Amino acid sequence: MKIGIVLYPTMGGSGVLATELGIALANKGHQIHFITYRQPVRLSAFNANIFYHEVRVPTYPLFDYPPYETALASTMVDVAVNHQLDLLHVHYAIPHANAAHTAKQIILKKTGKYVPVVTTLHGTDITLVGRDNTYLPVVEFSINESDVITAVSNNLSDETYKAFNIEKKIDVIYNFVDVKRFSKKPIDAFKKAIAPNGERILVHASNFRAVKRVQDIIRVFYEIQKEVPAKLLMVGDGPERHDAENLVRELGIAHKVNFTGKQDQIEEIMAISDLFLLLSEYESFGLSALEAMAASVPVLSSNAGGIPEVNVNGVTGYLADIGDIDQLSKYGIDILKDDETLKVFKENAYKHAESFDIQHIIPKYEHLYQSVLNQS
Ligand code: GMT
């Protein structure tokens with residue numbers, strides 16, 4: 001198949017997932033055309049089946065707001081017509097689903113070919129941004145106009161039906177992870193540099209937006225390190241980083257917490273880690289937690305949104321209510337208290353991650369593409 005994939009090229013979960021999906025499909029012989037405004041972060045190695053089309057947004061003094069959506073739809077038309085795409089798969093509804101709807105109509109008028117649109121909902125496009133009345137009518141319309149709608153968890157599917165008047169079935173296809181890629185041997189020198197005295201290594205990775213509640217992570221770590229010698233790696237960057245760094249200083253634990261900034265080689269960091277923290281207000285899925293589990297790292301998380309569909313309480317880690325610092329800290333100490341307990345959690349985390357392996361999930365997308373193409 002010849003597939004156009006539209007995505008955000010940044011470190012966010014939807015972009016990572018869409019890029020990994022495209023690479024995996026290309027490895028299976030499909031021709032993949034990524035369409036976005038910058039080279040996607042995880043798209044590095046050359047692959048003869050992968051093409052990247054940059055959306056250029058020419059500026060003009062009249063535009064206070066350059067019309068990205070128009071430029072995107074035009075690029076989608078250009079790529080679909082000139083490369084004879086079979087379908088368009090857009091990740092994150094805003095503004096991709098609407099741009100795809102426009103592109104689909106133009107392609108049909110120009111060439112007589114119907115190019116179906118698959119829209120994958122990822123999270124904040126529904127739970128935060130999409131619900132905003134400024135966007136809602138267009139988001140609702142363009143989701144309904146998609147030929148196929150998928151969501152990355154049952155929770156996100158439920159939230160979509162609650163927030164919008166959706167007239168179609170939403171297919172749930174869970175996010176996936178390449179377990180092989182995350183099953184790395186820890187680099188001893190790296191581990192020693194972070195935890196020279198054999199301290200436990202805790203890790204959080206995100207875009208440090210308010211929804212991630214990074215201050216809770218610092219507070220939970222503060223409690224845990226009183227009982228268990230530990231270090232904390234805060235990976236990523238974003239609006240809440242500054243306040244989180246201040247809190248670390250206020251609590252007097254700056255020597256135990258390392259804000260690494262954005263890191264490309266997240267699998268090397270996961271390989272030396274003992275516990276991953278994800279205490280968000282909401283996550284449709286929690287892809288970073290799954291990547292941790294694939295690296296045999298148990299997860300301490302909130303029970304928000306779709307996280308319980310990924311992290312199994314008492315098995316792959318623990319879950320507690322959002323902001324329940326006491327309970328979360330107790331659970332963290334419980335996982336880390338002795339090597340034997342930690343080993344069991346690590347093994348369970350890895351085993352559970354295997355059920356989300358890329359090899360099980362890619363065929364689900366291929367099957368979906370094939371059935372929409374058969375219908376159109
Ligand atoms: O908010 C983020 O972390 C980024 C966001 C995105 O759309 O890029 O992530 C969402 O999609 C991920 C991949 O499907 C999910 O794993 C995240 O849980 C989801 N984030 C939220 O729902 C807040």
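**Strands and helix packing**

Guide: Strand E11 (residues 275–278) and strand E12 (residues 299–302) pair in the parallel sense over three bridges. Strands pair if DSSP finds at least two bridges between them; helices (H or I, at least four residues) and strands (E, at least two) are DSSP runs, numbered from the N terminus. This is a predicted model, in which local features need pLDDT of at least 70, side-chain atom pairs count only at pLDDT 80 or more, and totals for chains, interfaces and linings use all residues. Residues are numbered from 1 along each chain as its sequence is written.

Visitor: Which residue stands opposite Val 299 in E12?

Guide: In general, strands of a sheet pair through backbone hydrogen bonds, either parallel or antiparallel. Here Phe 276 is the residue opposite Val 299.

Visitor: What is the order of the strands in the open sheet?

Guide: The six strands follow the order E10-E9-E8-E11-E12-E13, with parallel pairing. Strand E10 (257–261) and strand E13 (317–320) are at the edges with a single partner strand each, so one side of each lacks a neighbour in the sheet. On average, neighbouring strands of this sheet are turned by 20° against each other, direction ignored.

Visitor: How should I read the packing of helix H9 with helix H10?

Guide: Two packed helices are described by the angle between their axes and the distance between the axes. Axes are lines fitted to C-alpha atoms, for helices over the stretch in contact, and angles run from 0 to 180 degrees between N-to-C directions. The axes of H9 (residues 214–227) and H10 (residues 241–250) come within 9 Å and cross at roughly 20°. The two helices are therefore roughly parallel (under 35 degrees; over 145 is roughly antiparallel, 65 to 115 roughly perpendicular, the rest oblique).

Visitor: Which residues of H9 and H10 meet?

Guide: With contact defined as C-beta atoms, placed from the backbone, within 7 Å, Val 214, Gln 215 and Ile 218 in H9 meet Asp 243, Ala 244, Leu 247 and Val 248 in H10. These residues divide into five nonpolar (Ala, Val, Leu, Ile, Met, Phe, Trp, Tyr, Cys and Pro), one polar (the others, Gly among them) and one charged (Asp, Glu, Lys and Arg).

Visitor: At what angle do the axes of H9 and helix H13 cross?

Guide: The axes of H9 and H13 (residues 325–336) cross at roughly 50° and come within 9 Å. That makes H9 oblique to H13. The residues of this contact divide into six nonpolar, two polar and four charged.

Methods. Contact = placed C-beta atoms within 7 Å.
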